[in-house]
Amino acid sequence: MRKEWNNYFLDLASLVSTRSTCDRLHVGAVIVKDRNIISTGYNGSPSGSPHCDEVGHEMENGSCVRTIHAEQNAIVQAAKHGHSICGADLYITHSPCYNCAKLIITAGIKRVFCKQKFRSSKGIDLLEESSVYFEVLN
């Protein structure tokens, strides 16, 4: 049976998450526009910086701050390569944090799909308040 588009792109986000270099949680993101993949991202250190799986975590208030979140990485990669993501869809393995939700909204992403909710729902609440469609797919 042929896979439905949303599940196809969400499976790709899971595959992208296998590149993550922070072993606390492997997260992957795929930005799609008109069924074309624009950008991908996973959580890991900034380019050229040491990775958590090499030197350990940099913890502040219970979170690792060494890593860039998958959503942030995907948005930055699109910008770096000159691809507009305004009106695009975002597929992520875990729901976005509050700061990532702010970037998603500001970037003009219109729909967010994820595999599972992660910790606080504050990011989801902000997306919905800003009329960004959000859905957890199973």
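Close-up 1. At 32% relative accessibility, Asp11 is partly exposed, a class that runs between buried (under 20% relative accessible area) and exposed (over 50%), with a 1.4 Å probe and protein chains only. The model is predicted: local features need pLDDT of at least 70, side-chain atom pairs count only at pLDDT 80 or more, and totals for chains, interfaces and linings use all residues. Residues are numbered from 1 along each chain as its sequence is written, and side-chain values use heavy atoms, without hydrogens or water. Asp11 pairs with Lys3 in a salt bridge, 2.3 Å from N to O. A salt bridge here is a side-chain nitrogen of Lys or Arg within 4 Å of a carboxyl oxygen of Asp or Glu. Lys3 is partly exposed, at 48%.

**Close-up 2. The Lys115 link to Asp11.** Lys115 and Asp11 form a salt bridge at 3.9 Å, N to O. Lys115 sits in strand β6 (residues 111-116) and Asp11 in helix α1 (residues 5-17), 104 residues apart. Helices (H or I, at least four residues) and strands (E, at least two) are DSSP runs, numbered from the N terminus. Lys115 is partly exposed, at 33% relative accessibility.

**Close-up 3. The Arg111 and Asp89 pair.** The closest N and O atoms of this salt bridge are 2.7 Å apart. Arg111 belongs to strand β6 and Asp89 to strand β5 (residues 89-94), so the pair ties together parts 22 residues apart in sequence. Asp89 is buried at 13%, while Arg111 is partly exposed at 34%. The structure holds three salt bridges.

**Close-up 4. The largest pocket.** Its volume is about 650 Å³. A pocket is an open set of points on a 1 Å grid over the protein atoms alone, where a 1.4 Å probe fits, with protein on both sides within 12 Å along at least five of seven lines; lining residues have an atom within 4 Å of a point. Volume is the space filled by probe spheres set on the points, which are joined across faces, edges and corners. Of 23 lining residues, Ser63, His69, Cys97, Phe118 and Arg119 lie nearest the centre. Helix α3 gives the most to this lining, with three residues.

**Close-up 5. The second largest pocket.** This pocket holds about 220 Å³ of space. It is lined by 14 residues, with Ser45, Ser47, Ile68, Asn73 and Gln77 closest to its centre. Helix α3 again gives the most, with five residues.
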